[in-house]
Amino acid sequence: MRRIAHALEAQLCTALERAFPDEVAAAQQAGTPLDPQLAPASQPEFGDFQANGALALARRLKQPPRTIAGAIVEQLGGDPAFVELCEPAEIAGPGFINLTLKPQRLAEELRARLGDGRLGVLSAADDPGHASSAELLAPVIVDFSSPNIAKEMHVGHLRSTIIGDALARVLEFRGYPVLRLNHVGDWGTQFGMLITHLKQVAPEALTTADAIDLGDLVAFYRQAKARFDADAAFQATAREEVVKLQSGDPVSRRAWQLLCEQSRREFQQIYDRLDIRLSERGESFYNPLLETVVADLQALGLLVTDAGAGCVFLEGVKGKDGQPLPLIVRKSDGGFNYATTDLAALRYRFAAAPDGDGAGRLIYVTDAGQASHFAAVFQVARRAGWVPVGGRLEHVPFGLVQGDDGKKLKTRSGDTVRLKDLLDEAVDRAEADLRRRLAEEGRTEDETFIQHTATTVGIAAVKYADLSTNRITSYQFSFDRMLALAGNTAPYLLYAVVRIAGIARKGGAGADTAVGAPGPELPAELRFSEPQEWDLVRELLKFDAVIAEVEEELLPNRLCSYLFELSQVFNRFYDKVPVLKAEEPSRSSRLALCRFTAATLKLGLGLLGIPTLERM
RNA sequence: GGGGCUGUAGCUCAGCCGGAUAGAGCGACGGUUUCCUAAACCGUAGGUCGUGGGUUCGAGUCCCGCCAGCCCCGCCA
C-alpha cells in the first residue's frame, strides 16, 4: 500500500494547495510547509487512511478545523485521480478526514501482487518513499553477534545474533548490499593472560590443534582471569605476553591462531543451527590501523594526554567534578583499547573502496549497557571527520534476557547459560511436546520427521520470543511461554502456515504456496463480498509498509506483531467464510487469499530467520 | 554525584510523526462444532498508562521535577 499512500499524499497536498493557495505558499516560503498529516486509519471504521492536518492548521489559518477539512475534501472531490482511488472523503469528529479506498482498487492491488515473489515489497532503490531512489544503494554494515575467542557463546550473545541476523535479512531483502560482520574479540589483554596461564599448566594446547576442548579452555580462561586479578607478577607476565603477540612473536602468534581456529569451529556449530551467515572480521583485523587513528586524532588537535593516557575529551558529557569525561584511545602503558579499535573499525567501514568498505550505514547490535561507549565513539568519529555526509551511524541497543526473578538469566547453580544448552533444551522440549501430541492423536511419524520438526520448532521458538518484544526492553525468558501453541509464539505462526498451506493443497490447483511460486491459473479478477475477506485483503496489503518500517526503525518486533495479527485476521476469515465449498468466482478468489496469506507468513518469518514447515 | 534505559490489565508485553473510546496474548469466567478449520472463533470481567506539574485544539506518547528498578561513568569489551 505504500504506492497508494504515496499517491494519496500527493493528492492531499494538491488539494491543500488549491484550497489555501496563499497560506501554502507563505508556509513554504517560511520553510514550514503545511502537512496534510496522512496516516493509516486508527480504527477500521474510519476507513483505510486518515488525514489529521486540518486540526493542526486551525490556529494557523484562523478557521475552524472542520471548515478547513471541508475545503480540502471539496478539492479532493474535484481530483479525478482521487475519485478513481477513493470513496468520497468524509469529515469526522473535530476535523479528521477519513479516506476509504474503493474495494475494486484493493482487489486490483492484491491481484497485481499474486504472481510477484516479493509480494509487492519494492527494493529500496525503487521505493517512492526514498529520496535517493536513483542512487545506487550504498552498502550497509550490520555488526552483530561478536563473541570472544577462547570463550563459549552464552545467552549474552543470543540477542545480538538473532536481532542482527533479522535486520540483515530485511535490509538484504530491500536490496541493500549488506556486510554482516562478526567483530569477534580476538585480541587484547585476555590473550595475554590465557597464553601465559596455558604455557604453565597446559603447554600442549598452544602447539597442538585441539589438544584440549573448548570447555576446558573456558575453565583455563577463568583461572587465568582469577590469577590476573590476584597476582601482580602474573599480571606483568601477561602484559608482556600481549606485547609479544602484538609484535608478531611466532610462538605467541601460533598459539593465538590455534585458539582462534578452535573457537571459530565451535561458533560455527551454533551459527549453523541458527542458520546465520557471518563474515568474521575480528578486532585483530584493525590492529595495523590503530597507530594511525591515534596519530590522526593528535594531528587534528583532539588528543590530550592526561595521567599518561591518550584521551579525547567529550563534549556534553561531564563526570563527577563537572569536568568533561574522556574517551581513552591510548593507555598509559602505550597500548590501545577497544575504543581505539572501534574508531579504527568505524573509519575503515566508511572509507572508500580499496581502503575500506565504502558503507553508507553502520549498524551496531549490542546490549544497551554499551550506549554511552558508542555515543562517545560516534562523537569522536564525527569530530574527526570520519563520518561521511549522509552516512548513518546507529547503535541498535537491546535489553537483557532475564530469568523469572527479573535478573540476568543464570543456571540454577548461578552460572552463565551456555547458548548450546539453551538451544538443546528448547529443542528437547519441543520434541517431548511433539511426541506427546502424536501419541494423543494416534499419529505415527518417522524419526526424521520428528527430529526435523522438533528442531525447527524449538529454534524458532527461541528466535521468535526474542524478536517479538521491543528490543530496547529486557524480557523474561520462559520456555513454557515461547513454546506455547497459542498466543503470539512461533509454534502458533508455524501452525498457521501449515494449516493454510493444507487448505490451498486441498484446493487442487494452487497447491504450491512457496514464495514466488508460479501461480496456478489465477483468476483474472478477484471478487470479494464478505467483510472478513476485505479485512484480510487490507491486512495483506500492509506488508510492504511494515517491511519499510523495520528497515527504518530497526525494530523486528513490528514484523512479529504484523505476522501475528495477519494470522488472526486469517483465522477470522476462515472461521466465517467457506473457501473450497464456495461457488465461483468466490472460490478461486478465496483460494488466492489463502495462498497469498501463506506466502506472506513464509516470507515474513523467513526475514526473521525462521524457516517454516509443510507439516507438523 | 553525572548520564542512559525502564515503569501501561492478575502475569508477559504492544502502542508508529502527538490524534477519535488505551490494545494483544496468557490466565479467569461464559459461549460456538449436521457446514473446508478447534493449535480456532465469539463474548465478559480486569486500567489513577509510577507520580506531580507544563506545552497543545488534543498527551501513554513531547518538556521539567520527583519516586522505584536496572545499567554505564579513565586506561576490560
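# Close-up views of a predicted protein–RNA model

**View 1. Aspartate 48 meets arginine 538.** Aspartate 48 and arginine 538 form a salt bridge, and their closest N and O atoms are 2.4 Å apart. Aspartate 48 sits in the loop between strand S1 (38-40) and strand S2 (49-51), while arginine 538 belongs to helix H19 (residues 531-540), so this pair ties together parts that are 490 residues apart in sequence. The two partners can be told apart by their accessibility: aspartate 48 is buried, at 8% relative accessible area, whereas arginine 538 is partly exposed, at 22%. Please keep in mind that this is a predicted model. Across the whole structure, a search finds 44 salt bridges.

View 2. Now turn to aspartate 480, which forms a salt bridge with arginine 429; their closest N and O atoms are 3.3 Å apart. Aspartate 480 lies in helix H17 (residues 479-482) and arginine 429 in helix H15 (residues 419-441), so the bridge ties together parts that are 51 residues apart in sequence. Of this pair, aspartate 480 counts as exposed, at 59% relative accessibility, and arginine 429 is partly exposed, at 33%.

**View 3. A salt-bridge network that includes aspartate 275.** Salt bridges that share partners join six residues into one network: Asp165, Arg169, Glu172, Arg180, Asp275 and Arg277. You will find aspartate 275 in the loop between helix H11 (250-274) and strand S7 (279-280). Its relative accessible area is 46%, which makes aspartate 275 partly exposed.

View 4. S8 and strand S9 (residues 309-318) run antiparallel and are joined by four bridges. To follow the pairing by eye, look for leucine 303, which stands opposite valine 312 in S9.

**View 5. The protein surface around RNA strand B.** There are 62 residues around RNA strand B, and those that come nearest are Arg59, Asn98, Glu283, Lys331 and Tyr338. Among the atoms of RNA strand B within 4 Å of the protein, 58% belong to sugar or phosphate, and the rest belong to bases. For alanine 307, a backbone N or O atom lies 3.1 Å from a base nitrogen of RNA strand B. Proline 578 likewise has a backbone N or O atom 3.1 Å from a base nitrogen of RNA strand B. Elements that give two or more residues to this surface include helix H3 (53-61), strand S4 (96-99), helix H18 (490-506) and helix H20 (543-553), as well as S9 and S10. H21 gives the most, with ten residues.

View 6. In general, most residues other than glycine have a negative phi, and most peptide bonds are trans. Glutamate 584 and proline 585, however, are joined by a cis peptide bond, with omega about 5 degrees. Proline 585 lies in the loop between H21 and helix H22 (586-607). Serine 145 has a phi near 75 degrees, a positive value in a residue other than glycine. Serine 145 is found in the loop between strand S5 (140-143) and helix H7 (158-173), and it is buried, with a relative accessible area of 4%.

Technical notes. Residues numbered from 1 in each chain as written. Chains lettered and ligands numbered in written order. Predicted model: local features only at pLDDT ≥ 70, side-chain atom pairs only at ≥ 80, totals over all residues. Heavy atoms only, no water. Salt bridge = Lys/Arg side-chain N within 4 Å of Asp/Glu carboxyl O. Buried < 20%, exposed > 50% of the residue type's maximum accessible area, 1.4 Å probe, protein only. Pairing = 2+ DSSP bridges. Near = heavy atom within 4 Å. Polar contact = N/O pair within 3.5 Å; in protein donor to acceptor, adjacent residues only side chain to side chain.
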